[in-house]
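Visitor: I'm new to this one. Can you put it on the screen and take me through it?
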Amino acid sequence: MLSLGTTLPDFDLPASNPDVSGGRVLRADVSGSPTVVVFTCNHCPYAIHVEPRLIEQARTWISAGVDVVAISSNDAEAYPDDSFDKMSERAAAKAYPFPYLYDETQEVARAFDAACTPDFYLFDGDDRLVYRGRLDDGRPGNDHVSTRDLDEAVRQLVDGGEVTTEQIPSIGCNIKWR
């Protein structure tokens with residue numbers, strides 16, 4: 001896992017969402033404001049399970065001035081459901097309020113030390129990592145959510161305080177490396 005305080009890694013990735021201006025999102029587009037980065041994909045049961053809560057919370061975060069980007073780094077040749085075209089379909093069908101980016105080379109996932117889908121990172125306005133871990137304690141087969149770890153960290157950050165939320169590693173499917 002990236003160490004807290006690590007600077008937001010560089011990225012320049014194509015967006016699968018047809019409504020993203022310019023069709024790409026760069027680090028510079030989110031630099032200087034709080035930013036949530038989530039590594040996800042179309043086929044992982046864990047990513048699918050948290051997706052409705054992520055979309056709902058992202059809308060709230062975005063309205064509070066937090067940038068949100070989702071990145072898929074899976075090997076799309078071995079996992080065709082994670083192809084760029086399928087990402088575009090999913091982003092449109094689910095009305096993602098955030099860009100859904102494709103890391104075809106997997107270099108960005110490596111720069112983040114991303115390990116699974118979903119995997120969550122929160123950077124402050126100085127582009128420093130202040131949270132990395134899970135969205136909440138929900139799991140496939142268990143819809144009871146009693147903690148909202150990332151949401152609490154975002155609220156603490158937006159309210160100008162120190163992020164004190166316990167940071168529990170995310171669990172899910174391993175990123176499908178080439």
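Guide: Start with β4: five of its six residues are buried, so the strand is largely enclosed by the rest of the structure. Buried means under 20% relative accessible area with a 1.4 Å probe, protein chains only. Strands are DSSP runs of E, at least two residues, and helices are runs of H or I, at least four, numbered from the N terminus.

Visitor: Is this predicted or what, and how are residues numbered?
Guide: This is a predicted model, where local features need pLDDT of at least 70, side-chain atom pairs count only at pLDDT 80 or more, and totals for chains, interfaces and linings use all residues. Residues are numbered from 1 along each chain as its sequence is written, and side-chain values use heavy atoms, leaving out hydrogens and water.

Visitor: Which residue stands opposite Val37 in β4?
Guide: Val69 does. The chain gets from β3 to β4 through helix α2 (residues 45-63), in a right-handed β-α-β crossover. Right-handed means that, with the strands pointing away from the viewer, the path from the first strand over the helix to the second runs clockwise.

Visitor: And how many bridges join β4 to β5?
Guide: Three, and the two strands run parallel. Strands pair if DSSP finds at least two bridges between them. Ile71 stands opposite Leu101 in β5.

Definitions and conventions:
Buried means under 20% relative accessible area, exposed over 50%, partly exposed in between (1.4 Å probe, protein chains only).
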